[in-house]
Amino acid sequence: MKAIKAASFGYYAKPGELNNCNAQRSMKILKERTNINTIVLTIVAEQANAHTTSINWQTMPPKDEEVKATIRYAQSLGLDVILKPMINCTDGTWRAYINFFELMLFVSQNGQIGLQLILNFSFIMLKSLKNVELQCLL
């Protein structure tokens with residue numbers, strides 16, 4: 001097993017910011033100056049507080065195609081990719097206080113799609129991008 005030398009990239013990127021010329025230049029310089037072999041691509045959405053069951057995943061994180069293009073660009077630089085969707089609290093509450101078990105239970109009992117961010121970026125994308133090395137859930 002090879003050593004993972006990674007850096008996070010794209011934290012709180014909005015649509016249009018993850019794979020533009022500046023972002024690509026930033027990733028290339030990051031690789032050159034730090035000698036990383038892996039990018040941890042963080043895709044962040046927010047919920048109002050630790051107890052809400054509504055996640056702002058539709059307007060906040062970059063869209064699927066932009067994330068896929070960023071993954072392809074990272075791989076073209078020879079980087080492995082770890083995909084890490086994240087949920088933070090808008091009110092500043094530490095994300096460790098989010099009770100994901102409670103959230104998933106609410107979603108399953110009420111038939112709502114509150115965890116769309118995780119499903120969308122983690123499972124669906126990994127099926128279409130077989131070269132993503134690792135996925136992290138929250």
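The model is predicted, so local features need pLDDT of at least 70 and side-chain atom pairs count only at pLDDT 80 or more, while totals for chains, interfaces and linings use all residues. Residues are numbered from 1 along each chain as its sequence is written, and side-chain values use heavy atoms, with hydrogens and water left out.

**Helix α1 against helix α2**

- Helix α1 (residues 21-34) and helix α2 (residues 64-76) have axes that come within 11 Å and cross at roughly 35°. Axes are lines fitted to C-alpha atoms, for helices over the stretch in contact, with angles from 0 to 180 degrees between N-to-C directions. Helices (H or I, at least four residues) and strands (E, at least two) are DSSP runs, numbered from the N terminus.
- The crossing of α1 past α2 is right-handed, that is, the near helix is turned clockwise from the far one by less than a right angle.
- Q24, M27 and K28 of α1 meet T70, Y73 and A74 of α2, where contact means heavy atoms within 4.5 Å.
- By class, this contact of α1 with α2 has three nonpolar, two polar and one charged residues. Ala, Val, Leu, Ile, Met, Phe, Trp, Tyr, Cys and Pro count as nonpolar, Asp, Glu, Lys and Arg as charged, and the others, Gly among them, as polar.

**Salt bridges**

- The structure holds two salt bridges, each a side-chain nitrogen of Lys or Arg within 4 Å of a carboxyl oxygen of Asp or Glu.
- One of them joins D80 and K2, with the closest N and O atoms 2.6 Å apart. The pair links distant parts of the chain, 78 residues apart: D80 is in strand β4 (residues 80-89) and K2 in the segment before β1 (6-9).
- D80 counts as buried because its relative accessibility is 17%; buried means under 20% relative accessible area, exposed over 50% and partly exposed in between (1.4 Å probe, protein chains only).
- K68 and E65 also form a salt bridge, at 3.7 Å from N to O. Both residues lie in helix α2, three residues apart, about one turn of the helix.
- K68 counts as buried at 18% relative accessibility, whereas E65 counts as exposed at 51%.

**T42 in strand β2**

- T42 lies in strand β2 (residues 38-47) and is buried, with a relative accessible area of 4%.
- The T42 side chain reaches the backbone nitrogen of Y11 at 3.1 Å.
- Not counting residues up to four places away in sequence, T42 touches S8, F9, G10, Y11, K84 and M86.

Conventions:
A polar contact is a pair of N or O atoms within 3.5 Å; within protein, one must be able to donate a hydrogen and the other to accept it, and residues adjacent in sequence count only if both atoms are side-chain atoms.
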